[in-house]
Amino acid sequence: MQCAGGSAHQPHPLFGGALSAVLPHNAKDISELREIPDNQEVFSHEHTDQSLIVELVEYQGQVADQDAARYHFEDIADSNKALEPGAFEVPGAVQLPKSELSLSDCSSAWVLTGTQCVSKFNEEARNTVTLHLGLFRLPQFSTDVLITFNDPQSISPDSSSAASAETHREPWTVQDFERMLQTLTLHNPGLFG
């Protein structure tokens, strides 16, 4: 199995090279293991249950920029069936200064961190996951680019993740996630149709 994360400063091509970003160490390309939707790039840590997802989604023009990250966070919570009371919590989003970003085409960029209680593969067991979400708004392409970093905090012993989660094996950090956000670069706007 080939690891996607190369040297610490080597950008990894995404979506056939239309985008690129510096991935954390030990990043495995999940598309080598299973089918991934065309609008996603999914990577997992080799030794922990952490994952990173880069996703192209429809631009939500009805949602104000400062509320868009929370909108997408709640959409993910809905997809994860984590919408019942107490199943997720999220503070407000923080705007990223464009001067610190490689993706200069975005109208704005936001980051937020929240927590969700989710089950994997529709299991009964629920895991507490910190979800770091980066949002790049590209209204000129009718697209929002989401980067989510799923960082499990507690894994139920009954979860299918329990056997594989070795959290002591050089886990990814928030700094790895921030470097990915800062280095996301658009090479081919044709990606957006």
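Predicted model: local features only at pLDDT ≥ 70, side-chain atom pairs only at ≥ 80, totals over all residues.
Mentor: From the N terminus on, the elements run β-β-β-β-β-α-β-β-β-β-β-α-β.

Trainee: What makes W172 a buried residue?

Mentor: Buried means under 20% relative accessible area. W172 has a relative accessible area of 3%, and therefore W172 is called buried.

Trainee: Where is W172 placed, and which residues does W172 touch?

Mentor: W172 lies in the loop between β10 (143-154) and α2. Leaving aside residues up to four places away in sequence, W172 touches P24, H25, N26, A27, F43, S44, H45, Q50, S51, L52 and F149. A contact requires heavy atoms within 4.5 Å.

Trainee: How far apart are W172 and H25 in sequence and in space?

Mentor: In sequence, W172 and H25 are 147 residues apart. In space, the separation is 7.7 Å, C-alpha to C-alpha.

Trainee: What share of the contacts in the chain join residues at least 24 apart?

Mentor: The share is 60%, taken among contacts between residues at least 6 apart in sequence.

Trainee: How do you know what span to expect for helix α1 at 1.5 Å a residue?

Mentor: The expected span is 1.5 Å times one less than the number of residues. Helix α1 (residues 65-79) has 15 residues, and the expected value is 21 Å. From its first C-alpha to its last, α1 reaches 22 Å, which is close to that expectation.

Trainee: Which residues of α1 are called buried?

Mentor: They are A68, A69, H72, F73, I76 and A77. An α-helix has 3.6 residues a turn, so residues three or four places apart point the same way.

Trainee: How much of the protein chain is buried?

Mentor: Buried residues make up 47% of the 193 residues. As for the surface, the chain exposes about 9,500 Å², and carbon and sulfur atoms supply 47% of that area.

Trainee: What lines the second largest pocket?

Mentor: The lining residues are L96, P97, E100, L101, V111, T113, H132, V174, F177, E178, L181 and Q182. A lining residue must have an atom within 4 Å of a point of the pocket. The volume of this pocket is about 180 Å³.

Trainee: Which element supplies the largest share of that lining?

Mentor: Helix α2 does, with 5 residues. Both β8 (108-118) and α2 (174-183) supply at least two residues each.

Trainee: How do the lining residues divide into nonpolar, polar and charged?

Mentor: The division is 7 nonpolar, 3 polar and 2 charged. Glu counts as charged, and the lining includes E100 and E178.

Conventions. Residues numbered from 1 in each chain as written. Heavy atoms only, no water. 1 Å grid on protein atoms, 1.4 Å probe; cavity = no way out; pocket = protein on both sides within 12 Å on 5 of 7 lines; lining within 4 Å. Points joined across faces, edges and corners; volume = space filled by probe spheres on them. Helix = DSSP H or I, 4+ residues; strand = E, 2+ residues; numbered from the N terminus. Buried < 20%, exposed > 50% of the residue type's maximum accessible area, 1.4 Å probe, protein only. Areas by Shrake-Rupley, 256 points an atom, 1.4 Å probe, with all protein chains shown as cover.
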